[in-house]
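Let's take a friendly walk through a protein, from its inside to its surface. Please have a look at the sequence and the structure first.

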Amino acid sequence: MSAKVKYSEFIDAQLQLVYQMNDANLSQEQIENLLQKQEYMYDQELNTIISNKQQYIENVQDFSKEIFSLKKIIAINRRLGNGYAVIRDEAQLKSYEIVKNQNILIKNVLLSLDVPNIQDFEEKLNVYTAQNQEALSKITAKDYKHILALKDPSPILKAAKKNIEEYYALQEINSDFIAFLYKAENKLYRLNKYVKYHIIKPVVFINSFTVVKAVDGFLESYGLSVVKLIIIFLLILVIYVLRKVFYIALQKLFLQIDFLSRYSEQILEKLRKSIEILILIINVNMVIYVYNNFSSIEEVSRIFNMIYGFYFTYIIYIIVNTAAIIKLNTFEKEKSNIKSELINVGLKIINFFIVIIGLLIVLYFAGVDLTAVLSGLGIGGFAVAFAAKDTISNFFGTLSVLFSDVFSQGDWIEVDGKEGVVVEIGLRVTTLRTFDNALIAIPNGTFASKDIKNWNKRKLGRRIKMKLGVKYDSRQEDIKNAIKEIREMLQNHPKIATKNTKYEHEIEYGHIAKLVSKDDLEGVKKTLLVYLDEFADSSINILVYCFSKSVEWEEWLKTKQDVMEKIMMIFEKNSLEFAFPSLSIYNETKDEHE
């Protein structure tokens with residue numbers, strides 16, 4: 001039957017080793033064997049802890065029950081004057097606190113392993129070991145060595161001496177454990193990465209072989225290990241195999257994109273070499289990452305990010321230009337009405353922006369302050385920009401109009417006090433045909449800085465709003481009946497939109513519908529309000545607020561007229577008269593001779 005575990009199997013075994021090493025009769029060879037055994041046990045415990053990391057973090061053994069019981073017993077023995085019993089239990093209590101403090105250190109170290117790099121882990125390790133030593137100094141402030149020299153044959157004193165020896169042995173184990181942590185910090189950090197990638201068990205299994213340990217001893221000076229070499233080899237193999245899979249997946253992606261599906265073969269042919277080089281760079285990056293214990297080196301990461309930024313820009317450049325060139329050739333063959341020059345200019349503009357954005361991305365990853373760069377470019381080009389500010393403003397206004405959905409040709413818009421139907425969106429100006437049949441040219445820069453009202457961006461509902469003034473001598477009951485009848489008339493009117501009016505949205509918005517109102521996005525209004533609104537100077541006003549189903553002007557006018565005619569009939573039915581502005585004069589003075 002196995003002996004009962006007092007602290008943990010590891011701590012209990014370490015206690016036995018410490019007792020053996022403190023034996024003065026041991027030879028040098030025996031001590032070295034014990035040290036090797038201790039080193040092996042520490043190494044095995046490290047594998048156990050890191051393999052069960054989450055369990056150690058969530059279940060820190062704090063010996064709370066044992067400590068609570070000992071404090072009660074110490075208090076009783078102190079009252080009874082049992083000095084040896086108090087010392088015995090104090091030593092045991094402090095032993096539990098030492099192990100508890102060590103368990104807290106293990107938890108903190110395990111938590112700190114998830115920092116981005118080994119340097120940060122070393123800093124955390126320094127902090128937590130310092131905390132451990134500070135707590136240990138408070139626990140071990142009292143010295144019990146003089147008790148060990150006492151010759152009293154009392155069995156209680158004998159038990160006290162045993163606890164005191166264990167108390168000092170645990171202090172020694174705590175110091176050895178901290179020394180081992182510093183010695184194995186790189187290995188500990190590396191093993192934690194294996195935990196993160198869920199490969200810790202096969203790694204521990206591989207490391208358990210004697211031949212692997214021997215090879216690791218040789219490779220360690222080069223920053224390598226057998227496990228690292230295996231992972232690097234597997235990464236190279238997997239990436240090499242996945243290269244063709246990635247290429248096929250990219251081809252399928254292009255085929256799914258309508259704009260690129262027709263050009264997928266030509267684009268992939270242009271991209272093939274670039275993709276192979278990019279995969280090779282990714283492979284090198286992954287090898288360096290594994291070699292550096294699964295952590296990034298800031299300078300190296302910056303270089304690779306710059307390369308990725310360059311290749312991302314280059315791939316976008318190839319895709320856009322390949323598609324554009326093929327499209328231009330198609331236009332020429334089909335003799336399309338679309339001007340090739342316009343597409344070519346557009347392509348050059350797009351390429352310019354691609355290069356600028358790519359350059360900014362590379363500079364950003366290089367650690368350059370983009371704010372300072374952009375400020376410098378702004379100051380250097382200030383004179384040119386100022387001289388051509390109107391042209392530049394109109395150019396960007398053109399881009400704003402073309403790439404937004406604010407208005408299109410044929411829309412009825414109102415901007416900067418000008419109103420009309422859009423005739424043409426040009427490169428510099430947009431022309432409007434006003435309702436009195438004049439033609440207005442508005443610089444496109446205006447659209448970037450002014451509010452634009454587009455009357456065509458509505459599908460259901462054109463507002464009808466009026467205030468109906470009735471005379472003050474009207475009966476309250478007649479007004480209430482009129483309001484009720486007007487509301488019912490509007491709700492039953494076949495050309496007035498109500499909450500029951502059904503409308504099928506033209507666009508399937510997907511997840512966007514959760515972020516915006518589909519009715520407001522498409523221009524659907526169904527509000528209907530008829531209420532007593534205000535007591536004006538010459539009338540009691542009723543607010544009528546509703547929307548016609550049709551948004552066409554003539555249909556709206558017909559609907560509005562019909563509504564007004566029905567309102568007049570309702571007023572007549574309820575003996576109400578429309579009020580008009582009036583003024584009453586009262587003479588409050590009378591002639592005394594009258």
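Predicted model: local features only at pLDDT ≥ 70, side-chain atom pairs only at ≥ 80, totals over all residues.

Residues are numbered from 1 along each chain as its sequence is written, and side-chain values use heavy atoms, leaving out hydrogens and water.

Let's begin inside. The largest nonpolar core has 65 residues, and Ile-11 and Leu-170 are among those that touch the most other members. (A nonpolar core is a set of buried Ala, Val, Leu, Ile, Met, Phe, Trp, Tyr and Cys residues joined through side-chain atoms within 4.5 Å.) A second, separate core of 23 residues includes Ile-479 and Cys-546.

Next come the rings. The whole structure holds 16 aromatic pairs. (Rings of Phe, Tyr and Trp, the latter by its six-membered ring, pair if their centres lie within 6.5 Å; planes under 30 degrees apart count as stacked, over 60 as edge-to-face and the rest as tilted.) One of them, Phe-310 with Tyr-314, is stacked, at 6.2 Å centre to centre and 5° between the planes. These two are about one helical turn apart because they sit four residues from each other in helix 15 (residues 298-334).

How covered are some of these residues? Buried means under 20% relative accessible area, exposed over 50%, and partly exposed in between (1.4 Å probe, protein chains only).

| Residue | Relative accessible area | Class |
|---|---|---|
| Phe-310 | 47% | partly exposed |
| Tyr-314 | 34% | partly exposed |
| Leu-237 | 41% | partly exposed |
| Thr-431 | 16% | buried |
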